[in-house]
Amino acid sequence: MKLLTLALTTILLCFVTAVPARDRVTVSIPENHPRLVLSAEDIALMRENALSGREPWCGSWQELQRQLEECFRPGWQASVYTGDNSHDYYLAATRDGGLARDLAIAYHISGEERYSRMALRIIECWLAPDPLPGASFDPAVRYPNTGMEVARATFPFLYAFDLLCAAGQVPETTRSRFCGWLRTLVPHVREGAR
């Protein structure tokens, strides 16, 4: 838990240190999950609306379920990118991170563990390679764009991770590995913020 807080704080500091002191905003990170975008109250309201049968929530929930079925088809796999081009990382990570986020949201709405298991599986696919995704970006290829591409593409993974932690769905070993991956990405975000 402390490692995740440290990793999230470090990423936030990368952005804050690039802003003049007069324009800085104080950020307070709550102790418990969820803490990034949705509160526990937001999740409860989202669930209530999605399951209410009222539009537009009911139709949006059904569409999300339909789109997520793609992840459960035989042969589907995450598109983990470990190369040196941050734009290619961005394309792969926004796809997979977005799916992990949507699966975590679907879990919170439905309570169906197949959604949380698949979201966690996607995250763990991104934690498996050696070297980790983002460990070997070539500064000559995409800098200074790399910082923004890495930050924007990684955020959906953070969002999914936060939602899964809120539900007690993330094993401690995965938490530790996820924080290690974030530490791998911080130098690229920091370099791009200059």
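**Figure 1. Overall fold of the chain.** Of the chain's 194 residues, 41% count as buried. The model is predicted. The chain holds eight helices and zero strands. Along the sequence, its pattern reads α-α-α-α-α-α-α-α. Take the contacts between residues at least 6 apart in sequence: 78% of them join residues at least 24 apart.

**Figure 2. Confidence along the chain.** The average pLDDT of the chain is 86. A score of at least 70 is reached by 83% of the residues. Confidence is highest in α5, at a mean of 98, and lowest in helix α1 (residues 2–16), at 42. The pLDDT is below 50 over residues 3–17. Beyond near neighbours in sequence, this stretch still has 32 contacts in the model. Where pLDDT is low, predicted coordinates should not be read in detail.

**Figure 3. The largest nonpolar core.** This core has 47 residues. Those with the most contacts inside it are Y89, I122, W126 and F178. Six helices each supply at least two residues of the core: α2, α3, α4, α5 (113–127), α7 (145–166) and α8 (172–192). In soluble globular proteins, nonpolar side chains tend to be buried together.

**Figure 4. The second largest pocket.** The volume of the second largest pocket is about 160 Å³. Its lining is made up of M46, N49, A50, W57, S60, W61, L64, I105 and I109. Helices α2 (40–50), α3 (57–68) and α4 (86–110) each give two or more residues to this lining. Which helix gives the most to the lining? Helix α3 does, with four residues. By class, the lining has seven nonpolar residues, two polar residues and no charged residues.

Figure 5. L163 sits in helix α7. Is L163 buried or exposed? L163 counts as buried because its relative accessibility is 1%, and the cut-off for buried is under 20%. Residues up to four places away in sequence aside, L163 touches L38, I43, R101, A104, I105 and H108. One of these contacts, I105, also lines the second largest pocket. R35 is 128 residues from L163 along the chain, yet their C-alpha atoms are separated by 8.5 Å.

**Figure 6. L45 on helix α2.** L45 belongs to helix α2. Its relative accessible area is 48%, so L45 is partly exposed. Residues count as exposed over 50% and as buried under 20%. The C-alpha atoms of L45 and I109 are separated by 9.5 Å. Along the chain, L45 and I109 lie 64 residues apart. I109 is one of the lining residues of the second largest pocket.

Figure 7. The peptide bond from E55 to P56 is cis. Its omega is near 10°. P56 is placed in the loop between α2 and α3. Both of these helices give two or more residues to the lining of the second largest pocket.

Figure 8. The bond that runs from D130 to P131 is cis, and its omega is near 10°. Where does P131 lie? P131 is in the loop between α5 and α6 (139–142). Helix α5 has the highest confidence in the chain, at a mean of 98.

Key
Residues numbered from 1 in each chain as written. Predicted model: local features only at pLDDT ≥ 70, side-chain atom pairs only at ≥ 80, totals over all residues. Heavy atoms only, no water. 1 Å grid on protein atoms, 1.4 Å probe; cavity = no way out; pocket = protein on both sides within 12 Å on 5 of 7 lines; lining within 4 Å. Points joined across faces, edges and corners; volume = space filled by probe spheres on them. Nonpolar A, V, L, I, M, F, W, Y, C, P; charged D, E, K, R; others polar. Core = buried A, V, L, I, M, F, W, Y, C linked by side-chain atoms within 4.5 Å. Buried < 20%, exposed > 50% of the residue type's maximum accessible area, 1.4 Å probe, protein only. pLDDT = per-residue confidence, 0-100. Contact = heavy atoms within 4.5 Å.
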